[in-house]
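Visitor: I am new to this structure. Please pick a single part, look at it closely, and tell me what surrounds it.

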Amino acid sequence: MPPRRRDRRRPRDPSPPSSDARAPTSASGLRLTLLVPLLLLVLVLAALGFSSLLSRSPPHSETLQTTAHSVYERGLVKRDVSAREILAEHTRVSENRSQRNFANPVLAYVTPWNSKGYDMAKLFSKKLTHVSPVWYDLKSDRNRLVLEGEHNFDAKWVSELQSNGSLVVPRIVLEAFPAVLLLEKKQKEKAIDLIVSECRDKGYDGIVLESWSRWAVYGVLDDQELRYMALQFLKQLGEALHSVSSKSSSRHLELIYVIPAPRMQKLNDQDFGPEDLMHLADTLDGFSLMTYDFSGPQNPGPSGPLKWVHDSLAALLSAKGSSHSNSHSRMIFLGINFYGNDFLLSRGSGGGAITGRDFVHLLEKYKPSLQWDEKSLEHFFIYSGEGVKHAVFYPTLMSLSVRLDEARNWGTGLSIWEIGQGLDYFFDVL
């Protein structure tokens, strides 16, 4: 997933009250001397408690409103949409939260720094076949491997989702040094054991693994031998997970792999291509395709133009003259974004990702006119704040509906980054 949306917050160190070392020794002074260490202990324990809760931001405070009719029945899925209409309707969802309008698998990411996603995953679990909490990193620590993120585990939340039929498959970012992990047999086996053991211990249904972009940085993908070894590692991990049964279902543990979308129609050496997919298809369960983040502060524009989405699927699934009814299409979780971007258009480049809450704030403050971009098939608006011109691209019901249709045409599933950043009524289209 895009690194700029990682959680970089840190707890503040509590400041103990200062004491005057020159104070005379007395009964009251003695009591104070005894109280200070006790107070320090309380503060340290409080800090530790706060640190353990850091992965959760404050609970979602907005009240979910239900209505008898879906966004389709209310005529809200359209190109001509106004800021006023979005503000009036975005917290109202269909009371039938179990009805699925998208029949293929849906993978929803949840991040600790947007805790609304935890609540939405439970509320709409019937629409989500897979839920992936972004909890883990597998790192190198000198000569050993460490799986970080266990403190994020919430047994009750996981159990609630599984009881409603969703598979819980936490994301693990593989940050361990590739040269060590891929070339040393013991390290490779240790990495696989750490992952499988965590799934067993926590009762997960598998994992989502991300490593391709890191392997690209380290040059693994440019070396044919290392690239082959990397693919073999994924196959071995998939086989190890498949050898274990899920505690919450009758299925084996799953491995879904994150793959970046190619930037050009002609694939380069570092792109994940159809040959890679063919190599892994027998031992993996799915591929989370990141068809978002097409634009950035240096090149402001839409998050995932539909033509780029189409070309990305074509590059993966239309090799050797096969049609897009290719049997591998069912393994793709087509990426759609529930976040947006607020880009600067004057005074140089800048800006970045915004959540639904930010989007609503901008609509309330500037009352902009939303425009439909016929080329990307996304809505956007322009506003000026403090003398600076901005362009905002944020998903709407129409842009989401168009991308769901594209997924249906190809026979793929969906992967949503990430549901804590979206508007409530987005779930009606799923």
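**A helix and its cover**

Guide: In the protein chain, 76% of the contacts between residues at least 6 apart in sequence join residues at least 24 apart; a contact means heavy atoms within 4.5 Å. Residues are numbered from 1 along each chain as its sequence is written, and side-chain values use heavy atoms, leaving out hydrogens and water.

The chain averages a pLDDT of 86, and 83% of its residues score at least 70. Over residues 1-61 pLDDT stays under 50. Where pLDDT is low, the predicted coordinates should not be read in detail. The chain holds twelve helices and 17 strands; these are DSSP runs numbered from the N terminus, with helices being H or I of at least four residues and strands E of at least two. Of its 430 residues, 53% count as buried, where buried means under 20% relative accessible area, exposed over 50%, and partly exposed in between (1.4 Å probe, protein chains only).

The part to look at is helix α11, residues 356-366, in which G356, F359, V360, L362 and L363 are buried. These five residues lie on the same side of α11, because they cover an arc of only 160° around the axis; the arc is that of the directions from the helix axis to the C-beta atoms. An α-helix has 3.6 residues a turn, so residues three or four places apart point the same way. On the face turned away from the buried side, α11 carries the exposed residues R357 and K365. Just after the helix, K367 takes a positive phi of about 45°.

The cover over the buried residues of α11 includes α2 (83-89), β12, β13 (351-354), β15 (378-385) and β16 (388-393). Strand β12 spans residues 340-344 and contains F343. F343 is buried, with a relative accessible area of 0%. Beyond its neighbours within four places in sequence, F343 is in contact with residues including P297, P300, G301, G350, G351, H390 and F393. The C-alpha atoms of F343 and G301 are 8.1 Å apart, although 42 residues separate them along the chain.

Rings of Phe, Tyr and Trp (its six-membered ring) pair if their centres lie within 6.5 Å; planes under 30 degrees apart count as stacked, over 60 as edge-to-face, and the rest as tilted. The whole structure has 25 aromatic pairs. W135 and F153 make an edge-to-face pair, because their ring centres are 6.4 Å apart and their planes stand at 90°. W135 is in strand β4 (residues 130-141) and F153 in the loop between β5 (144-148) and α4 (155-163), 18 residues apart. W135 is buried at 3% relative accessibility, whereas F153 is partly exposed at 26%.

How values were computed: Predicted model: local features only at pLDDT ≥ 70, side-chain atom pairs only at ≥ 80, totals over all residues. pLDDT = per-residue confidence, 0-100.
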